[in-house]
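Work through the following exercises with the coordinates open, and try each task before reading its solution.

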Amino acid sequence: MIAHLLLHLLVLLLFAPLLPGVIARTKARFAGRQGPPLLQPYYDLLRLWRKGFVLSRTTTWVFSAGPVVGLVVPLLAALLLPFGALSAPLSFEGDLILFVYLFALARFFTAAAALDTGSSFEGMGAAREVTFSCLAEPTLMFALLVLAKLSGGLSLQTLFGAHLPAAWGSGAGPALGLILVCLFVVLLVENSRIPFDDPNTHLELTMIHEVMVLDHSGPAFGMILYGAALKLMVLGSLLVRLALPWNSGFWLFDLLIYLGGLLLLAVLIGVVESVMARLRLVRVPQVLIGTSLVSVFALVLVLR
Amino acid sequence: MSDVNSVILLVVILLNFFTLGSARLVACIRAVALQGALLALLPVTVHGFSGHSLILALGAFTLKGLFIPWLLLRAIREVRIRREMEPLIGLVPTLFLGVLATVAAFLFADRLPLLLEHQEGLLVPASLATMLTGFLLLMTRRKAITQVVGYLILENGIFVFGVLLSTAMPLVVEAGVLLDLLVAVFVMGIVLNQINREFATINTERLSALKE
Amino acid sequence: MGWFVAGLLLLGFSGVPGLFAARAGGGAEKLACLLVWAGAACGTLAVWEVLKHGVPLVLDLPWAIPGGALALRVDALAAVFLLPLFLVAASGALYGLAYWPQRAHPGNGRRLRLFFGLISAGVMLLLSAANSLLFLLAWEFMALSGFFLITTEEHQSEAREAGFIYLVATHTGTLALFALFALLEQAAGSLLFPGAGALTLKGAEAAAIFLLGLFGFGLKAGLVPLHIWLPGAHAAAPSHASALLSGVMIKTGIYGLTRLTSFFAEIPPWWGATLLALGILSGILGVALALAQHDLKRLLAYHSVENIGIIALSLGMALLGRSYGVEALVALGLAGALLHVVNHGLFKSLLFLSAGAVIHATGTRELDHYGGLLKSQPWTGALFLGGAVAISGLPPFNGFISEWLLYLGAFGAAQTEGPGPTAALLAAPALALIGGLALACFVKVFGVTFLGAPRSEAAHHAHEAPFLMRAPMIALLLACAWIGLLPQTLVPLLEQAVALWSAAPEASAGLSAPLAPLGWISALAWVLLLALALGVWWLRRRARGAARAETWGCGYALPSARMQYSASSFADFLVRLLRFGLWSERHGGAARGLFPEPGQFASHTPDLVLDRGLRPAFCGLAWLFRRLRALIQNGLSACYLLYVALTLIVLLLLGGFF
C-alpha cells in the first residue's frame with residue numbers, strides 16, 4: 001500500500017515536467033526551430049529552486065499560500081486517479097467529487113494570491129480564470145456522469161476501469177467520443193493552453209493564467225510551474241485512459257502505454273497550439289458553453 | 001453497419017449545433033454542405049448497395065453536397081455579406097434552445113410507436129432534431145441567406161426520415177422534394193440579388209414593409 | 001424535557017431584565033448574554049439526551065384554547081435544526097456585547113437584546129411544536145421579533161422599508177399557513193401533527209396542502225421567486241441579528257417543508273420535481289445576483305438564497321426518491337439537506353459576524369471601499385477566509401461534505417435503470433455551476449476586502465475586532481472545521497433523522513453504505529490541511545528576509561490603489577455573461593477621444609422579482625385603485641344613495657333566493 005503510493009507519486013513527480021518540454025519542442029519543430037532541450041523544464045525548476053525571493057510590499061501570507069495549494073492539490077488528486085491501467089493507491093465511492101473540488105480549492109487560492117498583489121492585471125487574470133472555470137466545471141460533471149452511468153460505480157478507479165474497451169465497442173462509443181473531445185477542451189482551459197490562453201504571449205492584457213503569477217519569484221514560482229506540470233499530467237491521465245483503455249495485464253506494458261499516451265497527448269497539444277490562434281476573449285465563453293452542451297448531448301445518448 | 005450510421009448521424013447533429021452557434025455565413029454553408037454530403041451516404045449504409053439507394057445517394061450528394069452550397073456561396077459573394085450580424089436572439093441562447101430541442105427530440109422519439117428495428121438507432125431522433133434545428137434557424141435569423149440555410153437543414157431532417165421509408169417510398173417523392181428545394185434556392189438567389197440591387201439590404205424584416 | 005423548557009424560558013426572557021436597567025448601564029447586557037448562554041446550554045443538554053437515547057422528548061399539557069394543546073416534541077429531525085440555533089444564538093449574544101454595546105446604542109440596544117432572545121425562543125418553540133396552533137403561535141412570535149430585529153435602526157429609511165417588505169411577505173406566508181393547517185386538520189382529524197407517513201391523502205387535497213406549504217414556507221425560506229424580503233432585511237439588521245436571521249430563522253421554512261412532507265404516506269413525483277427545479281433556480285439565480293452586488297451584507301444575503309436553493313434541491317431529490325422507492329436517494333438527499341442546513345447555519349453566521357467586524361472597523365458596507373484589511377485585521381481576515389472556503393463547498397471544510405452527499409445522490413440517480421428519479425441527476429451539473437459561481441463570488445469578496453492595498457481612508461485606519469467579537473467567530477470556524485475534518489461523528493444524527501422522516505427505521509440503512517468513505521475523506525482532509533500548513537510555513541521561512549519591492553505594474557511607473565481591480569470589475573465578465581437573467585443597469589464608462597475627460601461609471605443590479613416585477617405591478621395596482629376610488633367616492637350624495645339602494649336590492653335578492 002505505502003510502496004504503491006510512493007511509486008505512484010514518484011512516476012508523477014518525475015515524469016510531469018517532461019510534458020511541457022515535449023509541448024515546447026513540438027511547437028518549435030512546427031515553427032522550423034530547433035527548440036529548447038526536452039529536459040529544459042527540469043533545469044528551470046532546479047534553477048528556480050536555488051534562487052532567492054523578491055516579494056511585493058502589498059502581499060500577505062495568502063500570497064505564499066497560492067503556490068503551495070497549487071502544488072499540493074495535484075499530488076493529492078493524483079492519489080485518487082488510476083494511471084492508465086495501473087490502479088489508484090486510494091479509491092473509494094465518491095472520490096471523483098473530491099477530485100474535482102480539490103482543483104477548485106487550488107483555483108480559489110491561486111486567484112486569491114493574484115488579488116493579494118493589488119495589481120490590476122493580476123486581478124484581471126483572476127477574474128478570467130474563475131469565469132472560465134465556472135463554465136468548464138459543468139462540462140466536467142456531465143462527462144463524469146456519462147462515465148459513471150457506463151461503469152456503474154462512483155470512484156475514479158471504476159470509472160476508468162477495465163470495462164472501457166467494451167464500452168467503446170458498444171452503443172456508447174459515440175458518447176465516449178464526444179466526451180473525449182469535451183474533456184480535451186476542459187484540459188486546454190484548465191491548463192491555460194491555446195486557443196483559450198496563450199502561455200507565451202507578451203501582452204499582460206491578453207493573458208489569463210500567466211498574468212496571475214507575474215509577481216511570484218524563486219522557489220514559489222518554481223512551485224507554480226511544477227504544480228502546473230503536475231496538473232497537466234493528472235488531467236491528461238483522464239484523457240489518456242479514455243482514449244487508450246487497454247489492460248495488458250503486465251504492469252510494465254501498462255505503464256509504457258500510459259506514458260506513451262501522455263507523450264502523444266503532449267504532442268497533440270503542441271500541434272493544436274501551433275495550428276490554432278488564440279480565440280478572442282468574448283468567444284471563449286461561447287466555445288465553453290458549446291462544449292458543455294455537447295456533453296449534455298452525450299449524456300442524453302447514454303441515458304436513452 | 002449501425003455503427004457507421006450512428007457516427008454519421010452524430011456528426012450531423014453536431015453540425016446542427018455548429019450552424020446554430022456560428023456567426024459566419026460561409027462556415028454555416030460549408031457545414032450544411034458537409035451535412036448534406038454525409039446524409040447522402042445514409043441510403044447506402046442503411047439499405048445496402050442497390051440501384052435505388054445508389055441513385056438516391058448520388059442525387060442527394062450532387063444536390064445537397066455540391067450544387068446548392070455552391071449556389072449559396074456564389075450568392076454570398078455577389079451580395080458581399082460575411083456574417084449574420086444581428087440574430088433576433090443571441091447565438092448562445094439559440095444554441096441552448098437547439099440543445100433543448102435535440103434533447104426533446106430524443107425524449108419524444110422514445111415515446112413514438114415505431115417499428116422495433118427503428119427504435120434503437122439514432123435515425124428518428126436525429127431526424128426530428130435536425131428538423132427542429134431548421135425551424136429554429138428560420139425563426140431566429142434575419143438574413144435571407146441564413147433562412148435558406150435553415151430550409152436546407154429542415155430538408156435534411158426530412159431526408160433522414162425519408163431514408164427510413166425509402167424502400168416504401170417511391171423515388172419520385174424524394175426527387176420531388178429535392179426539386180422543390182432546388183427551385184426555392186434558385187428563386188431565393190435571384191430574388192436576393194434583385195432585392196440587394198434595389199434596396200441595398202437583404203434583411204427580411206425590412207422586406208416585410210413591402211407588403212403595404 | 002425539563003432542560004428543554006428551562007432553555008426555552010431562559011432564552012425567551014434573556015432580554016427582559018435589561019428593560020428595567022438603566023439606559024446607559026452595561027450590567028444588564030452581560031446578564032442578557034449570560035441568560036442566552038444558560039438557555040443554549042440547557043437546550044443543548046436536552047437535545048443531547050434525545051440523540052443519545054434515540055427517543056423523542058415529549059411534553060403534553062392542556063391549553064385553554066379550543067383544539068390547542070401545549071404539545072412539545074423534540075425529535076432527531078428538530079435536533080438538526082436546534083443545534084445550530086443554540087450555537088449561533090450563543091455566539092451572537094457574546095458578539096453583540098462588543099458589536100452593539102449599550103453605551104454606544106442607548107436607544108435601541110435593550111430592544112435588540114429583547115427580540116434577539118425572543119426570536120431564539122420562538123424558533124425553539126416552533127421546532128418543538130407538535131400542534132398546529134402552537135406552531136402558528138411560535139411562527140408569529142418569530143416573525144414579529146424578526147421584524148423588530150430588522151428595524152433596529154429605525155431612523156434609517158432603508159431599514160424601515162426592508163422591515164415593511166418583510167412584514168408583508170411574512171404575513172402573506174402566514175396566511176397560506178393558516179389555510180394549510182385548516183386543510184391538514186380536515187384531513188387528519190385533529191390539530192395535532194400526524195406521525196411520519198400517517199397521512200394517506202391523495203389527489204387534489206394533498207396537492208393543495210403541498211402547494212400552500214411550498215408558498216408559505218418557501219416565502220420564509222427565501223426560495224426564488226419568493227425571496228423578495230430577504231436581501232434588504234439581512235442587509236438592514238445588525239450583523240449578529242443577520243447571522244441569526246440568515247443562519248437559523250430562514251431554515252424554519254425548510255423545517256416546515258421537511259416536517260410537512262414527512263406526514264404523507266405517498267408522494268407524487270411532481271412534488272420532488274417542483275422542489276428540485278425551484279432549488280436549481282434559486283441556487284443559480286441567488287449566486288448570480290450575489291455576484292453582481294457590491295454591498296457586503298446584501299451579497300451575503302443573496303448567498304442565503306443560493307444555499308436555500310441547494311437545500312431545496314436536495315429535499316427535492318429525497319422526495320423523488322420517496323416517490324420511486326429508491327432508498328439510497330431518500331437517504332442521501334435528506335442527509336445532504338439536513339447537513340447543509342447545519343453547515344449553512346455555521347458558515348453563514350461566521351461570514352455575517354466577520355462582515356460585521358469589517359463594517360465595525362471601516363464604517364461602510366461598500367465592497368469597493370475596502371482593500372488590504374488582512375494587514376490590519378489578520379484574525380478577522382483569516383476567519384472570513386475559512387468561512388469563504390466553507391461556503392464555496394471546498395475541502396477541508398464542512399460545505400464540501402454536504403455537497404458531496406448531494407453529488408452521490410445525483411450520480412446514483414443517473415445510474416438507476418428504467419423510469420425513475422432520472423431528473424435528480426440534473427442536480428450534479430447545477431451544483432457544479434453554483435459551486436463555480438460561488439467560488440468566483442467569494443474570491444471576489446475576500447480578495448477585494450482583505451487583499452491588495454486599501455482603497456479608502458477608512459480602510460487605512462481599520463482596526464482588529466476586539467476579543468469578544470473574535471471568540472464567537474473562532475468557535476464557529478472550529479465547528480465548520482470539525483464537520484469538515486471529522487464528518488463521521490455526525491452520521492448517527494443524520495441516520496436518526498432520516499429514519500424519522502421516511503417513517504422507516506431501516507431507511508437509514510440506505511445511508512451507512514454510501515457514508516462509509518467519509519473516513520477516507522476525513523483522512524485526506526487532514527492530510528490536505530497539514531500539507532498546506534507545512535508548505536506555507538516552509539515557504540514563509542524560506543522567504544524570510546527576502547527583498548521587498550513594489551508590485552510589478554507591467555511597465556506603468558505610478559500604480560495607485562485606485563487602479564486595483566474592484567469588485568464590480570472582477571465580476572463584470574460573469575455578470576455580462578449572465579445578463580439575460582440579471583438585467584444589470586450600467587451608466588457611463590465610455591471614454592471618447594484621444595484625451596478623454598474624467599468620466600463616471602456605475603453599475604447596479606436591482607432584484608429581479610422585487611424591483612423589476614412586484615414594485616411596478618403594485619404601483620400600477622395602486623394607481624388603478626386610486627382611480628377607482630375617485631370614481632366611486634365622487635362626493636355626490638345621489639350616488640351614495642344609489643349605493644345604499646343597490647346594496648339593499650342585492651341583499652333582498654340573496655335573502656329571497658337562497
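The exercises below concern the interface of chain A and chain C in this predicted model.

**Exercise 1.** Determine how many residues of chain A and of chain C are in contact, and how much area is buried between the two chains.

*Solution.* Begin with the contacts: 76 residues of chain A are in contact with 69 residues of chain C. Then turn to the area, which comes to about 6,600 Å² buried between the two chains, with carbon and sulfur atoms giving 78% of this value. Finally, ask which residues of chain A lose the most area to chain C: these are A:R57, A:Y101 and A:F108, and together they make up 12% of what that side buries.

**Exercise 2.** Find the salt bridge between chain A and chain C, and describe the polar contacts and the elements on the side of chain A.

*Solution.* Polar contact is found for 19 residue pairs across the interface. Several elements of chain A each supply at least two residues to the side that touches chain C, including α3 (40-50), α5 (95-116) and α13 (283-303), while the largest share, 20 residues, comes from α6(A). By class, that side of chain A divides into 51 nonpolar, 14 polar and 11 charged residues.

Technical notes
Residues are numbered from 1 along each chain as its sequence is written. Chains are lettered from A and ligands numbered from 1 in the order in which they are written. This is a predicted model: local features need pLDDT of at least 70, side-chain atom pairs count only at pLDDT 80 or more; totals for chains, interfaces and linings use all residues. Side-chain values use heavy atoms; hydrogens and water are left out. Contact means heavy atoms within 4.5 Å. Buried area is the accessible area (1.4 Å probe) that two parts lose on being put together, summed over both. A salt bridge is a side-chain nitrogen of Lys or Arg within 4 Å of a carboxyl oxygen of Asp or Glu. A polar contact is a pair of N or O atoms within 3.5 Å; within protein, one must be able to donate a hydrogen and the other to accept it, and residues adjacent in sequence count only if both atoms are side-chain atoms. Helices (H or I, at least four residues) and strands (E, at least two) are DSSP runs, numbered from the N terminus. Ala, Val, Leu, Ile, Met, Phe, Trp, Tyr, Cys and Pro count as nonpolar, Asp, Glu, Lys and Arg as charged, and the others, Gly among them, as polar.
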